[in-house]
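Thanks for coming. I'll take one model today and go through it piece by piece, with the coordinates on the screen.

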Amino acid sequence: MHTCQFTASLATAMSDAKKFALAKRHKAITVEHLIFSFCHSETAIGYFTSAVVDVTLLKSKLEEHLEGLASTPAGVEAEAPVNDTTYNDVLQKAAEFSKTATANQGEISCLHVLMALYEYNHASYASWLLLEQDVAYVDFCKVHNLCGDDHEKQKRVQTGNGRTKNLSKATSTSRQPARRHERSSGENNNGIAEWTTEITGEQVNCFGRDLQVKRAIEILSRQSKNNPIFVGDAGVGKTTLVHAIARAIRNGDVPDNLKNKRILELNITKLLAGTRFRGDFEERVSIVMDEMREDPELILFIDEIHTLIGAGDSTGGLSAGDMLKPGLVNGSIRCIGTTTFKEYRHVFARSEAMARRFQRIDVPEPTEDEACDMMLAKCRELSRYHSISFPRHVIEASIRLAVRHIKDRRLPDKAVDVLDEAAAAKKMTIQGTNDELAISDVELAVSKIAAIPLTSVDTDERGTIISLPMQLETKVFGQKKGIAALCGAFEMYKAGLHDSSRPIGTFLFHGPTGVGKTEICKQFANLTGMKFLHFDMTEYCDPSSVSRFIGAAPGHVGFEKGGALTDAVDQSPHCFILLDEIEKATDEIHQLLLQVADEGRLTDSSGKVTSFSNVILVMTTNAGANDAPSHVIGFGNTNQTIGDNGIESAFRKEWLARIDEIVHFEPLAQKVVEQLVDKNIAEVSSALSNIKQPVTLRLDSDARSWLVEFGYTKDEGARLLRQLITRKIKRPIAREIVGGHLSDGGVATVYLSNGSLRIRCEPEVELALVG
């Protein structure tokens, strides 16, 4: 505080307070000493007068209070009094207020002290005396707003509540926007007209909400705490309920004490707009509150009422919610609010004083039948706008498809959006009027909104789905069980037979390494056009890694980044997820996947729910596969199921029970390895034929047999084959193409000599390869 500067009037008052305390032999200087000295300061008395404070009464009671304070007995040397804690706290808060002021370059004035006094009314007798005179914090805010800290240039003006205020000529011209709401007793309610909108209920129809409307009318009819608050998810029709209440009032379907009432919606954004100085916002709220009290026929409606908590509260000031509380509790102001379950729990309910003044009415999401009745009236409005008719079966289809595919929103809002977008798209393709919307139009709109493929299957797509297993068998050899499982689930999804509350398919692919578990997933996603998301679960083996998977908890580092899995699915709802080597993930991730497999959704660390209903989830594992009897590895019996005991020991039974199918991948037989050799050589040959100087690749039978024999092992599977082809064939040929005998093209023949692969480049150039 020693670095702060005080105005001359405050410095004089502080000096007088210290002298008074010393004269009375008081041990401490209190706030009451300072306010008592204000009662003798011409500047402070001007502020008191502007706020309609009875200075004589205040001075009398303060003097009586100070006479009763403990003092040093006579005959004992009195020590110099020190500032008590509240005195220092008030000056510190006043310093904060002064930093927001535009005048006096941050000097602390008497007015700043009076405003700061209310922050410590629990520990200050002086503030209690001011409140006893019905002088609140907002009154001194108004004084500050109107005249700032320069009281010598003020003149008297009359304000709407009958109180006399001081205002300088300079302020009255430069701060005209702040004065435009001042009114005499005969003027109109300018604040109500500018910051509110009347709700008549003429344009909105409400169906299926009779219970909630009746309950709200009952609450509004109460003598006190007559303030209903509608709580429900976004899009369920909370605002529509307020329109229904307004319509009931207009039609006279309410008790006598509610007849002729008017519902006005308060716009918090307009109320805050243009409030550049401290006290501007409080003054506007005060104007609205005064007008609401003056006209008992008004009911205030505040949409998203949680935004009211803290609105206008800066550097310790009052919020709009604080200013609204007295009128709500005594019934002089009726108010209707709306908010979501999340905001009510996290924001509104934490202010117990506000929560107990409102009567909560839950607004659940309507059923599909209720939503259909609600949308019939809305569709008449859409029909007039788009000049398109909406048959009932199309409305029902829009609801059904919206429920199935749009998981992050609620009825009826999401179904209305589907029909609106479908009609808009229809108008772009037709020329006439009074056309009829079709189910195919609705499916296309849902596909765009949910970012998923069309649910119906056209002729071209039907052929693609039928040929999908055969196409996969040309790319992945010897694993028909895995192909059948994936294709079967995809066919059920396209036919509309899969459970929309669960993923398209949840599979556990089990088998030794290098047999095609990952490859079949990549090829399937490529052929179906699904986004392929690959997660190596060895990166999530530590319990702390869960935060990277679904996002860090609030307050922790990386909270704003989201989770790797949840963000990826949120961006690509129709995708193929591969969780490779799932047995290496921590148990916490296994527990999270129970929710995905069982309910088709996952809640991240921030509480956001991500839908997995349009996802194929595949997890791979080789748990126990490498411990199987040796005679089933390589080219032995490929029909034996391997690793059941290994799976049961690696995963919990309740986790395995939620998997749609466990697919066992058998070790590759010799015939399959031969097919892999032919496939890989064909890929190399195709690449060589497409270069600038084409090269023809030939592989003799002995070289082929050598690749089959050494390209597959128990420990590495068929991954070794690709490495052998790269090291033994592609690299030597590349060297010859760059600066050797194949720089102008030619023929490269791979053959076996003395147990090693050799390449003959024509014209007859032989390269010995080191093994």
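Strand 14 and strand 15, the latter covering residues 575-580, run parallel and are joined by six bridges. Within that pairing, Asp536 is opposite Asp580 of strand 15. Please keep in mind that this is a predicted model.

Next, strand 13. Six bridges connect strand 13 to strand 18, and the two run parallel. Here Thr506 has Leu617 of strand 18 as its bridge partner. Strand 13 also runs parallel to strand 19, with four bridges between them, and there Leu508 is partnered with Ile662.

How many of the six residues of strand 13 are buried? Six of the six are. Gly505, Phe507 and Phe509 point one way, Thr506, Leu508 and His510 point the other way, and all are buried.

What lies against the sheet?

On to the nonpolar cores. Which residues have the most contacts inside the largest one? They are Leu419, Phe524 and Leu707, in a core of 81 residues. Setting aside neighbours within four places in sequence, the contacts of Leu419 include Met375, Cys379, Leu382, Phe390 and Val442. There is a second, separate core of 46 residues, and among its members are Val90, Ile108, Tyr120 and Leu129.

Now the aromatic rings. The count of aromatic pairs comes to 13. One of them is Tyr125 with Trp128: the ring centres are 6.0 Å apart and the planes are at 15°, so this pair is stacked. Both residues are in helix 7, residues 125-132, and they sit three residues apart, about one turn of the helix. Are they buried or exposed? Tyr125 has a relative accessible area of 30%, so it is partly exposed. Trp128 is at 45%, so it is partly exposed as well.

Compare the pair Phe535 and Phe549. Their centres are 6.0 Å apart, but their planes are at 80°, so this pair is edge-to-face. Phe535 is in strand 14 and Phe549 is in helix 26, residues 546-550; they are 14 residues apart, and the pair links distant parts of the chain. Both Phe535 and Phe549 are buried.

There is also a cluster, in which ring pairs link Phe490, Tyr493, Phe524, Phe532 and Phe576. Phe524 has come up already, as one of the residues with the most contacts inside the largest nonpolar core.

Last, charges over rings. Arg360 has its charged end over the ring of Tyr344, 4.8 Å from the ring centre. The charged end of Arg760 is placed over the ring of Tyr751, at 5.0 Å from its centre.

That's the end of my part. Questions, please.

Terms used. Residues are numbered from 1 along each chain as its sequence is written. This is a predicted model: local features need pLDDT of at least 70, side-chain atom pairs count only at pLDDT 80 or more; totals for chains, interfaces and linings use all residues. Side-chain values use heavy atoms; hydrogens and water are left out. Two strands pair if DSSP finds at least two bridges between them. A nonpolar core is a set of buried Ala, Val, Leu, Ile, Met, Phe, Trp, Tyr and Cys residues joined through side-chain atoms within 4.5 Å. Buried means under 20% relative accessible area, exposed over 50%, partly exposed in between (1.4 Å probe, protein chains only). Contact means heavy atoms within 4.5 Å. Rings of Phe, Tyr and Trp (its six-membered ring) pair if their centres lie within 6.5 Å; planes under 30 degrees apart count as stacked, over 60 as edge-to-face and the rest as tilted. A charge sits over a ring if NZ of Lys or CZ of Arg is within 6 Å of the ring centre and within 35 degrees of the ring normal.
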